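The structure comes first, then the lead points and the grouped notes.

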Amino acid sequence: MIASSGRPLCLIGNVVDSQGHESLQTILVQGGRITAIQPGKVPFSLPDLIVLELADHEVLFPGLINLHVHSEYNIFPLWQSPAVWSNRFQWRNNEQYLRDIKSFKEYVEANWVTDYLDFTRPFIQTLKEKKSTILTPVMLASAISEVQKMHGVITELQAVAGGTTLAQQTIKLETNASLPNFIIRNTGAAAELGLPITKKVFSVVDFVRPGPNFDPPGSPIRAQENTSAWPMMRHTSFNDFLTSVQQGNNRYYASIAHIAEGRAGYLQPGKPDGFSRREFSAFRQALASLSNKDALKTAHLTLTHACGLDYSDPSTIAFLRDNYISIVWSPVSNLILYRDTIPVKTLLDQGINVCLGSDWAPSGSKHVWDELKFARHFCDAVGLAVTDTQLLAMVTQNPALALGSIPAGRIQTGYNADFFILQKQTPQQPALSALLTQDDRSVRCTIVNGRVLYGDQDLFTNTLSVDYQRIPTEEGNAAAQKVVSINSSLNFDLSRSLKQVDALMYRYASAYLHSPNLHRTRLLSADDYLYQTRINMVKMHLAELIQNLKR
């Protein structure tokens, strides 16, 4: 991560605690950590100190944590799913998905270098001048890393615009490989989580898959078929995890894995996905066979989606609770793809640690803050007595706990200096009310590792006096008021990078999808009409499901 400030920072204003309460505090940040917190307005005197005093209608929240995001897809437009599926393996094999999303991403990644050398040529030329040599494979690899950087910064910026300061590892989740994160923290870098560099967080898509020699049908007309008899095979990632647990978690300090992502049988009673149920059963059986059974309790395991578990079975709940297993809930993606999701109130009542994740742009939320607001709508619509503070915890302290109680998710001495300042409608508006009703145009600024990274232009001009880049006007009215300050060592030009992305996306959309009007998702949800329309449609689908439950 290249986001830090060499200067100490002093924040003065109303700070939000884990219960949503506000109190006037003065916070001192040095070296990317919170080094002191004093009640009231306390003057600190340090050389080169930056003082940022909040207005009466502004509040300071801890930076949000997103434990489930495929951010490399977050530049891509919405996917119009042709069916409501039973589980994730079906739509992954759907021809329309492969053409509209997966091949789209592969095209952009492959052609950033070959089709748009104008972007890489200046960097290559700089290397040649420094080394006075002809272009070598090493130099070309460096140029390719520049275009990967372009992809990474853009996707991270979308998260930062929504107050996110820590996300699941940024790129290449399917292969458990990660490009360096650039402007925010991610789970692929242990030191940035406050962990020793020897501690690894294992992020993986699948522990098991259908097979062998079996491809799940991707046809929409087969989306509701009974999947119970599908063959199942263990992925190598599961063997790696089992070995780590058996050896006292020496390989992985924490693990985040997709499991049982399919129809839950909660909003569609009596219709759980058969393969998902078997997937979790096989998972439990494999863990039960280990001789070092207590090691799972310290594995810091998080299950993503986990819709297909039989939560009506007390042994399922006991297994999760007794082994301190966390669950990541992604209601938007669950409802779009499966018209179902987990019984979140049951999990909370039984002491299960629940986190929120935005998933990805094709079927999820813009960022985890939007997922939080949808979760509030979901609980209200279904009639679940889930409090605002419980929801706040799902994007702050709960994911920090899931990762092994890392120093994040709270504003506390010794913790990472990650925050975002939210502008309320009035000074009297409760902080949580503002969080659950405002949109991302209300982010005054986002601070990562003690660096004021993103926010309103006037803040950077009048208070910080640091270099910044404006968000291009093409991104919309709200984004036009925002700027980003990226460490100069990254040599990153936001406007040029966005143009490169858009040019490649236009070429693919025109030539392969025959949809020249298809555009990249915008950086801010407040500017993204298509995204807002999609979220409203999900709310309509939810209302229909609830109505069916009442019949």
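The count of disulfides is 0, where a disulfide is a pair of cysteine sulfur atoms within 2.5 Å. Cys10 takes part in no disulfide, and the nearest cysteine sulfur, in Cys445, is 13 Å away. This is a predicted model, in which local features need pLDDT of at least 70 and side-chain atom pairs count only at pLDDT 80 or more, while totals for chains, interfaces and linings use all residues. Residues are numbered from 1 along each chain as its sequence is written, and side-chain values use heavy atoms, with hydrogens and water left out.

**Cysteines**

- Cys10 is buried, with a relative accessible area of 2%; buried means under 20% relative accessible area, exposed over 50%, and partly exposed in between (1.4 Å probe, protein chains only).
- Cys355 has its closest cysteine sulfur in Cys307, and the 15 Å between the two sulfurs is too far for a bond.
- Cys355 is also buried, at 0% relative accessibility.

**Strand β13 and its neighbours**

- Strand β13 (residues 301-305) is largely enclosed by the rest of the structure, because 5 of its 5 residues are buried. Helices (H or I, at least four residues) and strands (E, at least two) are DSSP runs, numbered from the N terminus.
- Strand β12 (residues 254-259) pairs with β13 in the parallel sense over 5 bridges; two strands pair if DSSP finds at least two bridges between them.
- Within this pairing, Leu303 of β13 stands opposite Ala257.
- Between β12 and β13 the chain passes through helix α6 (residues 274-288), in a β-α-β crossover that is right-handed. The term right-handed applies if, with the strands pointing away from the viewer, the path from the first strand over the helix to the second runs clockwise.
- Strand β14 (residues 326-329) runs parallel to β13 and is joined to it by 3 bridges.
- Leu303 has Ile327 as its bridge partner in β14.
- The chain goes from β13 to β14 by way of helix α7 (residues 314-322), and this β-α-β crossover is right-handed.

**Aromatic pairs**

- The whole structure holds 27 aromatic pairs. Rings of Phe, Tyr and Trp (its six-membered ring) pair if their centres lie within 6.5 Å; planes under 30 degrees apart count as stacked, over 60 as edge-to-face and the rest as tilted.
- Among these pairs is the stacked one of Phe61 and Phe420, with 5.5 Å centre to centre and 15° between the planes.
- Phe61 belongs to strand β5 (residues 58-62) and Phe420 to strand β16 (residues 419-423), so the pair ties together parts that are 359 residues apart in sequence.
- Phe61 is buried at 0% relative accessibility, and Phe420 is buried at 0%.
- Phe207 and Phe238 also form a stacked pair, with 4.8 Å between centres and 25° between planes.
- This pair links distant parts of the chain, 31 residues apart: Phe207 is in the loop between β9 (201-204) and β10 (208-210), and Phe238 is in helix α5 (residues 236-246).
- Phe207 is buried at 1% relative accessibility, and Phe238 is buried at 1%.
- A cluster linked by ring pairs comprises Tyr73, Phe76, Trp79, Trp91, Tyr97, Phe104, Tyr107, Trp360, Tyr508 and Tyr512.

**Charges over rings**

- Tyr73, a member of that cluster, has the charged end of Lys105 over its ring, 4.9 Å from the centre. A charge sits over a ring if NZ of Lys or CZ of Arg is within 6 Å of the ring centre and within 35 degrees of the ring normal.
- Lys366 lies over the face of Tyr531, 5.0 Å from the ring centre.
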